[in-house]
Amino acid sequence: MAFCALVSKKALGSALRSGAADLGSGLCQIRRLQTFSLPDLSYDYGALEPAISGEIMKIHHQKHHQAYITNYNKALEQLDEAIQKGDTSKVVGLQSAIKFNGGGHINHSIFWKNLAPTNEGGGEPPKGALGWAIDADFGSFEALVQKMSSEGAALQGSGWVWLALDKELKKVRIETTANQDPLVTKGLHLVPLLGIDVWEHAYYLQYKNVRPDYLKNIWKVINWKHASDAFDGEAA
Amino acid sequence: MLHLFIVTLLYFFGYQKQKDQLRGSRRTSRIVAFYGLTAPPYELDALEPYMSQKTLEIHWGKHHRAYVDNLNKQLANSPLYGLTLDELVKVAYNNGNPLPEFNNAAQVWNHNFFWESMQPDGGYMPAAGLLQQIEKDFGSFPNFREKFITTAMSLFGSGWVWLVLKKEEKKLAVVGASNAVNPLVWGDIPIITLDMWEHSYYLDYRNDRGKYVNAFMDSLVSWQSATARMARAEAFVNLGEPKIPVA
């Protein structure tokens with residue numbers, strides 16, 4: 001009888017390295033654990049000044065985001081081991097680390113795409129379908145900006161403020177999530193169009209405790225084109 | 001203790017002012033007590049180089065001050081005025097369903113406690129009774145140190161890490177809590193605390209939390225103040241017969 005086992009890339013070790021990937025001619029499946037890596041920014045660290053300083057962008061990207069990715073990869077490895085061993089309590093125990101670090105990776109990946117230098121369209125209000133949806137659901141673009149800024153400022157502790165598309169109701173609305181919880185934790189039918197990081201590391205070096213000033217200035221570098229594309233992609 | 005005295009003093013002054021006003025008008029005035037900003041018991045540059053003067057100027061002068069101002073503003077129209085800060089924290093926590101005043105009240109309390117948890121030339125180790133209790137409840141001082149650091153490092157998001165004396169279990173323990181929550185709400189007695197909100201270390205350490213926590217343990221924590229708190233705590237928690245050395 002064919003013996004087929006799912007083995008992880010790590011367990012195969014030297015077998016893989018020597019190229020012996022065809023163990024028993026396809027009788028065994030090799031499940032490779034995907035590792036994640038830091039996505040590049042499509043602009044220089046200093047390109048978002050004076051709204052967000054180059055120093056913040058560099059540390060935010062190279063240290064904070066990288067740390068989430070590193071720890072997410074580590075947690076996934078441990079999860080893989082725990083699943084194979086059938087260690088349920090370990091599997092459950094790892095969930096908070098996965099949510100935190102995986103969420104951090106998701107959120108920051110979205111965030112970098114949500115920003116653009118002013119000479120590349122940053123700050124230009126959305127036109128087209130998203131613009132009309134904002135007018136319909138908030139009254140005006142200015143009203144949305146004001147509401148999102150005040151919700152971001154009022155968030156206690158660390159978290160994110162989102163402009164979300166409710167796929168079911170076909171409406172846009174503002175949501176907040178705590179720590180690194182991704183938007184889906186507020187509803188599987190919510191699609192993130194825009195996310196603003198209100199963790200202190202996102203603004204402290206430049207704005208110190210004045211989070212409202214950070215929220216006032218960040219609109220100058222918000223990439224509405226990306227948000228519009230995300231909206232058109234889902235609402236179609 | 002000091003802020004209790006200040007509150008009482010202000011209460012008295014407020015009452016005097018109201019009495020004076022009453023002489024001139026027939027309106028009955030409400031006596032309003034409010035909280036003041038307590039200063040760290042050392043100069044703002046005294047914790048250099050482990051915690052810079054710049055950090056203290058902003059952490060105390062802006063963050064802590066804002067919590068106090070916002071709390072007083074909230075209490076102007078709230079039925080919760082007139083409590084001591086300890087009482088206010090417990091009442092506003094509302095058994096896990098915090099009232100709007102909780103965040104400000106708890107953060108004022110936490111920061112008052114934080115400044116007192118540190119001192120210039122701090123760190124090293126506690127002595128005598130407190131050390132004995134730590135060794136009893138953690139096995140050894142290095143064990144406690146590691147537990148404190150690990151708990152601090154594994155906090156997700158903003159929060160505080162505490163050494164507390166647990167009333168029920170009658171033991172010392174290390175607890176981490178999110179945002180503004182502090183052990184008073186569980187009926188436990190705080191002994192020392194470390195602020196793990198990013199604003200507490202970002203200017204001096206950027207994202208290097210490990211370095212910050214170690215600096216606190218090695219050079220900032222005030223075991224003197226912890227010992228005093230422990231002595232006061234033992235009035236409320238019976239830790240058994242004291243070990244009196246035999247001559």
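**Note on the interfaces of a predicted two-part assembly**

1. Across the interface of domain 1 of chain A and domain 2 of chain A, 19 residue pairs are found in polar contact, with both members of each pair at pLDDT 80 or more. The structure is a predicted model, and the points below should be read with that in mind. On the side of domain 1 of chain A that touches domain 2 of chain A, the elements that give two or more residues are α3 (54-85) and α5 (95-114) of chain A. Of these, α5(A) gives the most, with 11 residues, and by class that side of domain 1 divides into 14 nonpolar, eight polar and three charged residues.

2. Contact between them involves 25 residues of domain 1 of chain A and 31 residues of domain 2 of chain A, and the area buried between the two domains is about 2,300 Å², of which 62% comes from carbon and sulfur atoms. A:Asn107, A:Asn114 and A:Pro117 together supply 25% of the area that domain 1 of chain A buries against domain 2 of chain A, which is more than any other three residues supply.

3. How many salt bridges are counted between domain 1 of chain A and domain 2 of chain A? The count is one.

4. Turning to the interface of the two chains, 16 residues of chain B are in contact with 18 residues of chain A. The two chains bury about 1,700 Å² between them, with 56% of that area on carbon and sulfur atoms. On the chain B side, B:Phe156, B:Glu198 and B:Tyr202 supply 36% of the area that chain B buries against chain A, again more than any other three residues.

5. For the polar part of the interface of chain B and chain A, eight residue pairs are found in polar contact, both members being at pLDDT 80 or more, and one salt bridge is counted between the chains. B:Arg206 forms a salt bridge with A:Glu55, in which the closest N and O atoms are 2.8 Å apart. The elements α2 (53-75) and α7 (202-205) of chain B each supply at least two residues of the side that touches chain A, and the largest share, four residues, comes from α2(B). By class, that side of chain B has five nonpolar, seven polar and four charged residues.

6. Within chain B, strand β1 (residues 159-166) and strand β2 (residues 171-178) pair in the antiparallel sense over eight bridges, and the partner of B:Val161 in β2(B) is B:Gly176. The hairpin that these strands form has four residues between the strands, and there B:Lys170 takes a positive phi near 55 degrees.

7. Over all chains, a search of the whole structure finds 14 salt bridges. Helix α3 of chain A contains both A:Lys85 and A:Glu81, which lie four residues apart, about one turn of the helix, and their side chains meet in a salt bridge at 3.5 Å, N to O.

Note on methods: Residues are numbered from 1 along each chain as its sequence is written. Chains are lettered from A and ligands numbered from 1 in the order in which they are written. This is a predicted model: local features need pLDDT of at least 70, side-chain atom pairs count only at pLDDT 80 or more; totals for chains, interfaces and linings use all residues. Side-chain values use heavy atoms; hydrogens and water are left out. Contact means heavy atoms within 4.5 Å. Buried area is the accessible area (1.4 Å probe) that two parts lose on being put together, summed over both. A salt bridge is a side-chain nitrogen of Lys or Arg within 4 Å of a carboxyl oxygen of Asp or Glu. A polar contact is a pair of N or O atoms within 3.5 Å; within protein, one must be able to donate a hydrogen and the other to accept it, and residues adjacent in sequence count only if both atoms are side-chain atoms. Ala, Val, Leu, Ile, Met, Phe, Trp, Tyr, Cys and Pro count as nonpolar, Asp, Glu, Lys and Arg as charged, and the others, Gly among them, as polar. Two strands pair if DSSP finds at least two bridges between them.
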